[in-house]
Amino acid sequence: MTFSSLMLNQQLLDNINQLGYQSPTPIQAQTIPEILAHHDVMAGAQTGTGKTAAFSLPILHHLLEQAPQDKPQPQALILVPTRELAEQVHANIASYCVNTPIKTAMVYGGVSISAQVTRLKTGVDLIVATPGRLLDHLRHRVINLKHVQYLVFDEADRMLDMGFMDEIKAILKLLPKARQTLLFSATFNDTLFNLSKRLLNQPKLIEVDQRNTAAADIEQLFYAVDTNKKSALIAHLIKHKPIEQTLIFSRTKQGADEIAKQLQQAQINAKAFHSDYSQAVRASLLDEFKQGKIQALVATDVAARGIDIKALNYVINYELPFVCEDYIHRIGRTGRAGNKGTAITLFSNDDARLLESLEVLLDKRLPQQWYPGFEPDLSLFEETPRRNKKGAQKQRARQRALQASKRK
Ligand code: AMP
């Protein structure tokens, strides 16, 4: 399939051609025609699959069909969970809008509100926003959403995880009922299904990757290693694999600081990346990482959302995340848009239960390996980590039955 067979506006086609996109990714090939045909869409797609273009290109196509106005009112609203994702999505959309009259704005918290107010007051067609700051602007009557025809939830699962339900409800009250709604999520759970029932009107269900499974082109390695040897193993992997650049995940900010410090001591150019840093510092860290000046960025889950680095071949999980779905998000940082990626997860005795839950979620056994020279001290692995193998199998079977009944 080619982009031109999707009958998109010529300027959009020229712009994506300029960006080097040769053909639509699977999610784009499936969603773009449905959105162009004005259907609501519920799509299961991980970051890195090309989902931003999947929802934004057809919306931009529709916007371009309408007569441009000097002071447009927002017609498209894209809700995202974090400022990093807002920046990422907005940057992508801005690159698709080159040489078109479409005006866009970005709205998120943690930065001065006045520049956003100035931009919004000039009139914009499309807004990429995090829910909290958008509500601030609505309460101050800087904008209204009466003309919104297209509403997108990007990374909806993450938005709910972050507790944005109340903000979402408040925003929905201010939107016209007659609109097209698109919901994109890497994972689906009961809360999200319930929300989707209220939000979407006879949606087309599109799934490129099987729900709750990790992208197929990501190699997943699990190394059993004692906690006190984890940083040394990461340093060893970076030097000997060798890993040119990697994103390392830590459950906590303190952990991220500590890991970065230990890697620095091993002469690796590592930096921590989390919400204690100001927006400006985070932006400049990301820039340095993108330019290859930082070799290892050690991030917390929340901070890492929206990081989009094309050439990232490795992610490392210092430990398993507490929320299993975060594992899928974490490893989705690599293997993007068809590139090969490797996700390395370090696993210690404390993580046994989490590994079991992850196996249930992915419906897959996750074999562990020992890395030569970093073998775990077996006296610490007192109980066999997956002592509950039978229990986990039963739980997996139950999960499968539940998913199957939901699809019916
Ligand atoms: P996303 O899943 O939206 O975060 O996109 C991941 C990356 O894939 C972004 O850097 C996009 O610029 C890139 N991308 C999106 N669509 C295509 C395509 N059809 N061909 C090549 N790269 C793409």
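**Figure 1. Strands β12 and β13 run side by side.** In this predicted model, β12 and β13 pair in the parallel sense, with four bridges between them. To be called a pair here, two strands need at least two bridges found by DSSP. The strands themselves are DSSP runs of E with at least two residues, while helices are runs of H or I with at least four, and both are numbered from the N terminus. Look for Asn317, which stands opposite Thr345 in β13.

Since the model is predicted, local features need pLDDT of at least 70 and side-chain atom pairs count only at pLDDT 80 or more, while totals for chains, interfaces and linings use all residues.

**Figure 2. Strand β12 is covered on both faces.** Which residues of β12 are buried on each side? Tyr314 and Ile316 are buried on one side, and Val315 and Asn317 on the other. "Buried" means under 20% relative accessible area, "exposed" means over 50%, and "partly exposed" is in between (1.4 Å probe, protein chains only). Here's the background: in a regular strand the side chains alternate between the two faces of the sheet.

**Figure 3. Zooming out shows the seven-stranded sheet.** The strands of this open sheet come in the order β10-β11-β9-β12-β13-β8-β14, with parallel pairing. At the edges sit β10 (270-273) and β14 (368-369), each pairing on one side only. Helix α10 (residues 230-240) packs on the sheet and touches β8 (218-224), β9 (246-249), β11, β12 (314-317) and β13 (341-347). A contact like this means heavy atoms within 4.5 Å. The direction of α10 makes about 155° with that of β13. For that angle, axes are lines fitted to C-alpha atoms (for helices, over the stretch in contact), and angles between N-to-C directions run from 0 to 180 degrees.

Figure 4. In α5 (residues 113-121), the buried residues are Gln116, Val117 and Leu120. They cover an arc of only 105° around the axis, so they lie on the same side of α5. That arc is taken from the directions from the helix axis to the C-beta atoms. What do the buried residues of α5 pack against? Their neighbours are β3 (104-107), β4 (126-129) and α6 (131-139). Turned away from the buried side, the other face carries the exposed residues Ala115 and Thr118. After α5 comes Gly123, which has a positive phi, near 95°.

**Figure 5. Lys51 and Glu155 meet in a salt bridge.** A salt bridge here is a side-chain nitrogen of Lys or Arg within 4 Å of a carboxyl oxygen of Asp or Glu. The N to O distance for Lys51 and Glu155 is 3.5 Å. Lys51 lies in helix α3 (residues 51-65) and Glu155 in the loop between β5 (150-153) and α7 (156-161), so this pair ties together parts that are 104 residues apart in sequence. Both Lys51 and Glu155 are buried. Across the whole structure, a search finds ten salt bridges.

**Figure 6. Asp136 and Arg133 form a salt bridge within one helix.** Their side chains meet at 3.8 Å, N to O. Because they are three residues apart in helix α6, about one helical turn separates Asp136 and Arg133. Asp136 counts as partly exposed at 29% relative accessibility, whereas Arg133 counts as buried at 11%.

**Figure 7. Tyr223 and Tyr371 make an edge-to-face pair.** Rings of Phe, Tyr and Trp (its six-membered ring) pair if their centres lie within 6.5 Å; planes under 30 degrees apart are stacked, over 60 edge-to-face, and the rest tilted. By this rule there are seven aromatic pairs. Tyr223 and Tyr371 are 5.3 Å apart centre to centre, with 85° between the planes. Tyr223 is in strand β8 and Tyr371 in the loop between β14 and α16 (389-407), 148 residues apart. Tyr223 is buried at 5% relative accessible area, and Tyr371 is buried at 17% relative accessibility.

Conventions:
Residues are numbered from 1 along each chain as its sequence is written. Side-chain values use heavy atoms; hydrogens and water are left out.
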